[in-house]
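Hello,

Here is the structure I promised to pass on. Please open it and keep it beside this note as you read.

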Amino acid sequence: MSEDLTARVSAICGEYGSDAGRMMDIAWRLQRTFGEVSSEAMDVIASETGATRADVESCVSFYSFFSTHKHGRVVIRLSNDVPDRMAGYHRVLGAFEDELGVKCGETTEDGAFTLESTACVGLSDQAPAALINDVPFTELSTDDAREIVRELRKHMDPRRLVHKLGDGNNAHPLIHSMVHNNLRGTGLTLFTSYNRGEAIQKALSMSPVEVIRAVKTARLRGRGGAGFPTGMKWEFTRGARGEPKFIICNADEGEPGTFKDRVLLTERSDRVFAGLTIAGYAIGASEGIVYLRAEYAYLRSFLEAQLEKRRADGLLGESILGHEAFDFDIRIQMGAGAYVCGEETALISSCEGTRGDPKNRPPFPAQEGYLGLPTSVNNVETLCCVAKILEMGPATFCEYGTHQSSGTKLLSISGDVCQPGIYEVPFGTTLREVLEMSEAEDPVAVQVGGPSGQLVGPEDFDREICFDDLATGGSMIVFGPDRDLLKVVEAFMDFFVEESCGYCTPCRIGNVLLRDAVTRVRQRQMEPADIDEMERLAGTVARTSRCGLGQTSPNPILSTLKNFRHLYDELVEEAPDGQRRSFDLDAEVTAAAAIAGRPDGE
Amino acid sequence: MNDEIIFFIDGVQVTGRPGQTIIEAADEAGVYIPRLCHYPGIEAWGSCRVCTVAANGRPCSACTQPITTGLVVENDTETLREYRKSIIEMLFVEGNHFCMFCEKSGDCELQALAYRMGITAPRYPYLWPEREVDASHPDVIIDRNRCILCARCVRVSRDVDGKAVFQFVERGPEKKLTVNAEARLKDTDLDVTDEALDVCPVGALLKKRVGYAVPVGERMYDQEPIGSDIESNTDAAPAAATEVEA
């Protein structure tokens, strides 16, 4: 092993106090510095941090943005989510492959480029999209793909390819991105203007218990999708034994088709940070963590600068706004490409520097969370609502929405609509109204809540968006009449196979079997009884999986079987000869024939 | 009476102690809940999901769920039996399990569960993965074809042997058992006397040269179905388990 590498890796570990708990940061620095976290480097990390080598490898190999083999200096990650596929993902991928002379997943021989596909990067309203190193590229055409590669060959700097800047803070020098906010119909609460410091000022004039009471009075429920009452979560955390306590902002917006947190972080980061600070005050935490998904790394410098400004203004740090008893600061923890880390206990595992496996519950994070201490994990939008509740008062907040679902919901709308983007609607708005707002083109189906939600048809368009009817974290993908919905189901199942952490049996294996079953349905290799078996398996995975990912992963199948059963029925029939339709005798004997040297083995 | 917790399994009253999980209390009461990743005395893991029960109507793993007073647990129901069967079948198609020439046959918990549940062949298509075998160690072999990722060896090596020889890498269907070395078991500090080797429920971790010391036909589950030891655990059974009205 080269002494130089050892010294450089040791130095990087040293910057993080040689703390194994900061494994994510250490791995990120290595990945950026060397284009990989090599086997040799893992040995050094282990000896520096005191983790076992196997623990280091366990963590590094878990995340899709880390690699144990050398990546190209430029990594092109093309988003392969359904809206990207609808907008030409395969054509663009073909153009990149052609221009680079490599297949997806490969690195060019000169070590310059790596081409990969990746799960939704949070730009479904500007699909097809890609990240090139950290830089987002939107609405890609095949010509764009070729042009990008040719230009990059000259200077290898994707930032120099950002010719036209997006709107709002996307044009800020620290973001410098072509991304557009696509804010449409968002005047109600979260994107309104604000006086910096007002929400915190109001919170600090109350006791922590009164702040929690205000949030409870506003009947605020978590906006990430699960809808747990925020005030109750804080009360549990505040009341739990153990110090210090932690507050974490879940900015791992990974549900395919969701991009509202990206826009909140771009345009209203002050409101997010204010909400986080108020949450810290309420539960009695002095440290907050923003867990930012790797796909949003391009926002990091900007967010760090905003935090710095807040420190300078006395909104973070010691004795916030002169309140002697309240010290609070925030650090940003980068994720590294793992959907499961949006699940709060997996997110905590990741913050602790290990693979993003969810934890067993009980104990719940409010009792034993980050580092085994009481922790509250709240969504970006939830924290924005907190700031807004303090600004406008709980009663005004409750004027929006329904009794069970107070306030508004940000929707991320993509797919077959003329006006994709962010919409803020009061809870209780019907799906039909949303489709009209976004100018949906002859919609026949809507994926509500992303792949973990449900695919609904026109008979459900009058249902209301709220926790008790059509619950959603905000993802809405609209499908017109020409879309192959089973292909969509197959793509979503592929996503879950890709993103399962592999901890529990039903999710790890069941999703592979379910994905393969959908493929066989599409290939007309299934019989009616196979559909019943598939439905049973989907039910088993949903009921026996360990965390929310596995419990919702069969939803693409279960909801289409419920709402679009005919799509399956049209493709299955009884086998005419009593032989299973999925059984291909020729294919089965090919290997044996090849071994025997028979011509049918070729 | 603070040291007793009374709850119900399939309508039968069971008495447990504070801090016990459902499976621990059930074992003591002579009620068998099928399981694979659970192993007494080590950290509860909750990964195989074979011990899935319904607690107050909600599915959960009996090995991780603490008992509470009055908890209503469903265990031996048709629905739960069906889930468990399905999970065992998934494990069979995920790996490459050839009982007829596996030296663990008859002592294998996966095989024994399949027999107990009446599984003759898995209903799902085999996935036939390519898995690595590591025979580098002088006394021990790892056959990953049979590994079911239960983490018993991971936990026991770390917490009982104090060595942390085993760990998992990758994720999802790619997840696999690794060793604490660049690649091979011989480069770890594993010793043939390590307890981690004695807890593998399948034939993934094997000691060399002792495979057929006990002939096939005379092995543990050749005699009695898996779980029989727990079901014959009559210390508590007749006294504590009284049939109550449903």
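Which side chain does the side chain of B:Asp194 join through a polar contact? The partner is B:Lys163, and the contact is 2.9 Å. (A polar contact is a pair of N or O atoms within 3.5 Å; within protein, one must be able to donate a hydrogen and the other to accept it, and residues adjacent in sequence count only if both atoms are side-chain atoms.)

Two notes on reading the model. This is a predicted model: local features need pLDDT of at least 70, side-chain atom pairs count only at pLDDT 80 or more, and totals for chains, interfaces and linings use all residues. Residues are numbered from 1 along each chain as its sequence is written, chains are lettered from A and ligands numbered from 1 in the order in which they are written, and side-chain values use heavy atoms, with hydrogens and water left out.

**B:Asp194**

B:Asp194 sits in the loop between strand 9 (176-179) and strand 10 (205-207) of chain B. Helices (H or I, at least four residues) and strands (E, at least two) are DSSP runs, numbered from the N terminus. B:Asp194 has 5% relative accessibility, so it counts as buried. (Buried means under 20% relative accessible area, exposed over 50%, partly exposed in between, with a 1.4 Å probe and protein chains only.) Leaving out residues up to four places away in sequence, B:Asp194 touches B:Asp161, B:Lys163 and B:Asp189. Contact means heavy atoms within 4.5 Å.

**A sheet in chain A**

Five strands of chain A form an open sheet, in the order 10-9-13-11-12, with mixed pairing. Two strands pair if DSSP finds at least two bridges between them. Strand 10 (421-426) and strand 12 (454-456) of chain A are at the edges; each has a single partner strand, so one side of each lacks a neighbour in the sheet. From one strand to the next, the twist averages 25 degrees. Axes are lines fitted to C-alpha atoms, for helices over the stretch in contact, and angles run from 0 to 180 degrees between N-to-C directions.

Strand 11 (residues 445-448) and strand 13 (residues 475-479) of chain A run antiparallel, joined by four bridges. A:Gln447 has A:Ile477 in strand 13 as its bridge partner. Helix 18 (residues 485-499) of chain A lies across strand 11, strand 12 and strand 13 of chain A, at about 150 degrees to strand 13.

Best wishes
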